[in-house]
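Here is a short briefing for a first look at this structure. Start with the model itself, then work through the points below.

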Amino acid sequence: MRILCLHGVGSSASICESQFRAFLKLADPSYDFVFTEGPALSERGPGMGAYFEGPFYSHTSGYSPDEMADALDHLDTTIEELGPFDGILGFSQGAALALSYMYRQQVGGEPMPFRFFLSFSSVIPFSADAGYCQKIIQRLCALQWDMTVTPSANEPLLTREERLFCNVMLRTVIAAKKKGAALPEYSMDVYKHDDGSKAPRVMHAQLLEEKLQIPTVHVTGKRDFDFMHNMSDIAHGMCEGKLTRKLEHSGGHQPPQKDAEVKSVLRAMEWAISQSEKMPIHRL
């Protein structure tokens, strides 16, 4: 069993592996967890302890459609060079990247290179599809809408989808910015000027065509920030409900460390593997 592992923003393969030490210690010793690094150099990630030494990396240099497309293409290359893999594990930004990648594969009718997915403390995923939410963003640019203002439920200038997009941004990206926890950084002005082509497209189940059809385990920390819980809930909502398991451990923005909590995640992983064996195989 080979599992590709993606670190969070402002981290590295070795740091991520050390964060999952308790998980790896109790996992089946025959499983091969392959930790890889993102292609973009980064500053130290939010909350990253001073005892962690750099260099630090990000899976993307930004979150515009073009930058996300580059990140997904890099992940494609990684899979081709280091694969094949049975599953994928992502922490924080790595989990969101995996979601964005697998969604692109699914809606594009491309083979899925993974049978199951382990998502730990996912941030909000961004789309590489410039057409996704294009009309919404163009309208916000035309209105020069202030993304830091909460639209009322009956805001006459915005459609339901536009209000949803704005509220998702407020509960996730903008809330993270206020805590200094948004990396790579970008300005909200991209939603007010020009044609919005460089504006990041936050992904949300109610704005997407379909849900991700892959057995998935979503793990979050009880003591994580509220905006992180919002992000992880949105990531969870992108996945088909009957194919997901959701767990919460007692820590914060980190993998579980207590033996009992790690064992719960490992049992859920085995459930995801067993579910994947019942599904049609469409592999690379």
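A polar contact is a pair of N or O atoms within 3.5 Å; within protein, one must be able to donate a hydrogen and the other to accept it. Keep that in mind for His-249, whose side chain reaches the backbone oxygen of Gln-254 at 2.8 Å. The model is predicted. The points below cover its sheet, the helices on that sheet, one histidine, the nonpolar cores and a helix pair.

**The sheet**
- Six strands form an open sheet with parallel pairing, in the order E2-E1-E5-E6-E7-E8.
- Strand E2 (32-36) and strand E8 (244-249) stand at the edges. Each has a single partner strand, so one side of each is left without a neighbour in the sheet.
- On average, neighbouring strands of this sheet are turned by 15° against each other, direction ignored.
- Strand E1 (residues 2-6) pairs with E2 in the parallel sense, over five bridges.
- Arg-2 has Asp-32 in E2 as its bridge partner.

**Helices on the sheet**
- Helix H4 (residues 93-107) packs on the sheet and touches E1, strand E5 (87-91) and strand E6 (116-120). The direction of H4 makes about 135° with that of E5.
- Helix H8 (residues 259-276) lies across E1, E6, strand E7 (216-221) and E8. H8 runs at about 170° to E8.

**His-249**
- His-249 is found in strand E8.
- Is His-249 buried or exposed? His-249 counts as buried because its relative accessibility is 4%, and the cut-off for buried is under 20%.
- Leaving aside residues up to four places away in sequence, His-249 touches several residues, including Val-219, Thr-220, Gly-221 and Lys-222. Gln-254, Pro-255, Pro-256 and Glu-261 are also among them.

**Nonpolar cores**
- The largest nonpolar core has 63 residues. Met-102, Phe-114, Met-147, Phe-165, Met-169 and Tyr-191 touch the most other members.
- E1, helix H3 (65-82), H4, helix H5 (134-143), helix H6 (160-178) and helix H7 (226-237) each supply at least two residues of this core.
- H6 gives the most to this core, with ten residues.
- A second, separate core has 27 residues, among them Cys-16, Phe-35, Val-217 and Ala-268.

**H5 against H6**
- The axes of H5 and H6 come within 10 Å and cross at roughly 80°.
- That angle makes H5 roughly perpendicular to H6.
- H5 makes the contact through Ile-136, Ile-137, Arg-139 and Leu-140. H6 makes it through Glu-161, Glu-162, Phe-165 and Cys-166.

Notes: Residues are numbered from 1 along each chain as its sequence is written. This is a predicted model: local features need pLDDT of at least 70, side-chain atom pairs count only at pLDDT 80 or more; totals for chains, interfaces and linings use all residues. Side-chain values use heavy atoms; hydrogens and water are left out. Two strands pair if DSSP finds at least two bridges between them. Helices (H or I, at least four residues) and strands (E, at least two) are DSSP runs, numbered from the N terminus. Axes are lines fitted to C-alpha atoms, for helices over the stretch in contact, and angles run from 0 to 180 degrees between N-to-C directions. Contact means heavy atoms within 4.5 Å. Buried means under 20% relative accessible area, exposed over 50%, partly exposed in between (1.4 Å probe, protein chains only). A nonpolar core is a set of buried Ala, Val, Leu, Ile, Met, Phe, Trp, Tyr and Cys residues joined through side-chain atoms within 4.5 Å. Angles under 35 degrees count as roughly parallel, over 145 as roughly antiparallel, 65 to 115 as roughly perpendicular and the rest as oblique.
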